Amino acid sequence: MSVIVGKTSQAPDFPIAAKSALKNDQLRRNVAHATNVIRNKRALRVEEMPDWEDLRQAGSDIKAHTLAHLDHYLEEFARNCELAGGKVHWARDADEANSIAINLIRHYGGTEPGLEVIKVKTMTSDEVQMNHALEAAGIKPIETDLADMIVQLGHDEPSHIVVPALHKNRVEIRDIFRKQMGLPELTEQPEDLTNAARHYLRDRFLRAKIGISGANFAIAATGSVGVVESEGNGRMCVTLPEVLITLIGIEKVLPTFADLEVILQTLPRSATGERMNPYNSIWTGVTPGDGPQAFHVILLDNGRTRLLEDEIERETLACIRCGACLNACPVYRETGGHAYGSIYSGPIGAILSPQLQSLEHSRSLPFASTLCGACYEVCPVKINIPEVLIHLRGRVVREDQKTLGGKLSAENIAMQTVATVFQDHRRYEAAQRLARIGQTIFKRDGQLTNLPGMAGGWTRSRDLRPIPKQSFRDWWKARDKNGEETREKKAEERA
Amino acid sequence: MTAREEILARVRSALHTAPSDPVAAHARLSHTYNRIGKLSREACLELFIDRLVDYDSEILQVTAESEIPQAIAKALQHADEHRALVAPVFPAACLPPGFEFKLDNALPTSEIEGVAAVVTTCEAAVAATGTIILVHDGAQGRRVITLMPDHHICLVHRDQVFELLPEAMTAIAGRTTKPITTISGPSATSDIEMTRIRGVHGPRRLTVILYG
Amino acid sequence: MIERLGHTVEFPVQQTCCGQMHYNTGYHREAVPLVRRFVEMFRDAEAVCVPSASCVAMMREHYVMMAEAENDPAFLADVHSLLPRVFEFSELLVNRLGIEDVGATFPHSVTYHPSCHSLRMLHVGDAPVKLLRSVRGLNLLELPNKEQCCGFGGTFAVKNPDVSVAMLTEKDACVVQTGAEIVTALDNSCLMQIYGGLHRSGSKVRTMHLAEILESIEPTGGLA
């Protein structure tokens, strides 16, 4: 099995990628602006809900329950979807999902090269790199979500799971559209850019024979599937083509239609700060005379079952991809999404990407967080992301310690030494004294400004106040020696 | 082993819990959030209108059903639209004279493209979110006719308006064999610098005619 | 300051570290002896005052889980018994002792940074603000965008120094914008970070732990 998550296998470590992202002022301005806007809108829409915490709890309960009975609900969904005229395919990994899709497209669309298929935003297809696979097979995927279009036409990568082109501003988007759509006169007014996209896609919607969608949920009890969107491109893709192929991660299943009443309240408010997004499409198999007359679902594992075993890790699969944690994250805010080296960025990406691939890639991501807890606070299904991050850090450290390089790494040696020192207060005090003497050679104007080794990461851009001549501990001991005398004297002074 | 068997086997081996009854366990999940609205009828309708306006929908209010044709005419006249699509079973008595109403007898897309407006009924509506819910059947039309025209005019009976989403979802729960679309305002995007732009691919205008 | 309120303070000099740095960096095994040591050391205390919100968060969020994983019922029982007696400094004063005015005088302008762990894990709420408001002469200035992390994050500060400093730069800009002489918090670790950036940029804003401010009874606030 080969689990692929976007381009994680080629991605540099987070600190390195982040360093170059931080140099891009335009990117940082764009990201800060966008995340500020969504954060504020979300806060407004959450505040008006008196039962928000109850909805979060209900969402968390439903997801935990579903995952605990995932085999049951997957089988139930597949049965009901097929009873309604759909066909369900199962894909162990990215390659299998892509070849199922390619075979279906060939079956219905023929083998003529350059066959166009229209796509509505699906992160899962980015995860399996479906567009690359389709292109390699001579099929032309056309992204129809405005942001996805910007990313596709700009030969870029998504930087956010809900607003994939959030790192681009209007001028940058205008330049991409001018070049790729052949519209040299196009202005950077969002209305004009949106209009250009509408015209560019209209014909393509009408002539495409095959559509590809993701799904925000699949309902086991009814076999239904749903897409949550705003622009209407989703409705176009799931309505106009003769054939619809829907790619769904196995964790997206929900037990009953009634469970939607929770997710459809929390998802839009968390994702875009809207009470409700403009469109939700829910369909069940094939409806004679209405929409695609051939409907195929691809249920994708691609590493998801690896997260089920451990209960802390399993929480990750509760994610409904709202992106609220990205918008709330102070790290994401500085770097944007590309630094994570995965199509799943931000806090959820930092736990999802490494786990899907058994920590083979994205190993630096669990450390790309200050554990400030902002992600957990906004998560509509209460995923305790900081807890999962710490858990994954533990796994990375344990694995590293099994290798010689890991054992001898500066970090491991330092952490082992400090742990030994902390186990005995005499050693601790001795270390404090030693550091006080040792630091003198690094002092400049009473500050530590240029420490060696890992501490150098600190002092490159920050000062460090030296360890004081007398620590609290020393002061306390001295005071205890003088005992009551000191205390009485102090009391007198105060009186 | 087929992919299906292998994935299910992975799930089962990962869960390693004693098999229990999922249906009973699901029924035991607590629902402490609000499932039933608390507002009076009047306040609920007021909220609905407020939320529709907030999301750029247009509203026409009538009381008697006999006033519906006039309201439809007004909605169409406003945009200088002469032709509109309706489902074949749409009640003819509700349609105003002086316009061309094209019946959707399984029309090909090419004949739908180019018609500026569509008139439908709906299944339910949600006040708290300003949402109308279509179950694509009967006078609510096929999905395609509610999607291609630039202007969607939707009749909503006042009794169809629920305060909260869970109430409306309960009302439509038995109808999932038909495609369902929930619509909250006109098509929109915020993908460019988070500026909300009305009208991308779906109808750029949504007019709700509230009656009954 | 606590003695001034009429309580007896003991400082067991055998104590070292709560284990947070090791645990949060992924050195879970290495943190266990430190946790055991902490629990042992404070087992019989009537109340444990911890002037660091993140240490208290470490205890409340992870000690039970760690003790469970150790499969040691006596250790687990000790953890369960100790945790309700552990208080973050401002919690001890406001929630446990019911005091907001500790009799302090500090005639300076101060801005308060609600550290992430105090805010989102301990939920100390406005306890520290109540304490600051009761200090004579103190002018409390609102910190813009106060709930955003300062970028410290323990070993994050050295493992991801560039991002850490970028976050710090935003935080320090907000601090400077208030015009306050002092920035205070419930965590010395955050204050070390904030100080590091302020001092490097030549700012004169000082960092002080809330306890240092509340300790002051001199008319000048004890500042040189």
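In the predicted model, helix α1 (residues 14-22) of chain A packs against α9(C) at an angle of about 40 degrees, and the axes of these two helices are 8 Å apart. Because angles under 35 degrees count as roughly parallel and those of 65 to 115 as roughly perpendicular, α1(A) and α9(C) are oblique to each other. On the side of α1(A), the contact is formed by A:Pro15, A:Ala18, A:Lys19 and A:Leu22; α9(C) contributes C:Asp162, C:Val163 and C:Ala166. Five nonpolar and two charged residues make up this contact, with no polar residues.

The interface between the two chains brings 43 residues of chain C into contact with 44 residues of chain A. On the chain C side, the elements that give two or more residues are α1 (20-25), α2 (28-42), α6 (116-121), α8 (156-159), α9 (161-178) and α10 (188-200). This side of chain C comprises 22 nonpolar, 15 polar and six charged residues.

Chain A contains an open sheet of six strands in the order β1-β10-β7-β4-β2-β3, with parallel pairing. Strands β1 (86-91) and β3 (139-143) of chain A stand at the edges, and each has a single partner strand, so one side of each is left without a neighbour in the sheet. From one strand to the next, the twist averages 25 degrees. Strands β4 (residues 210-213) and β7 (residues 243-249) of chain A pair in the parallel sense over four bridges; A:Ser213 has A:Thr246 of β7(A) as its bridge partner.

Helices of chain A also pack on this sheet. Helix α5 (residues 94-109) of chain A touches β1, β2 (115-119), β3, β4, β7 and β10 of chain A, and the direction of α5(A) makes about 170 degrees with that of β10(A). Helix α4 (residues 70-83) of chain A lies across β1 and β10 (294-300) of chain A, running at about 145 degrees to β1(A).

How values were computed: Residues numbered from 1 in each chain as written. Chains lettered and ligands numbered in written order. Predicted model: local features only at pLDDT ≥ 70, side-chain atom pairs only at ≥ 80, totals over all residues. Contact = placed C-beta atoms within 7 Å. Nonpolar A, V, L, I, M, F, W, Y, C, P; charged D, E, K, R; others polar. Pairing = 2+ DSSP bridges. Axes fitted to C-alpha atoms, helices over the stretch in contact; angles between N-to-C directions. Parallel < 35°, antiparallel > 145°, perpendicular 65-115°, else oblique.
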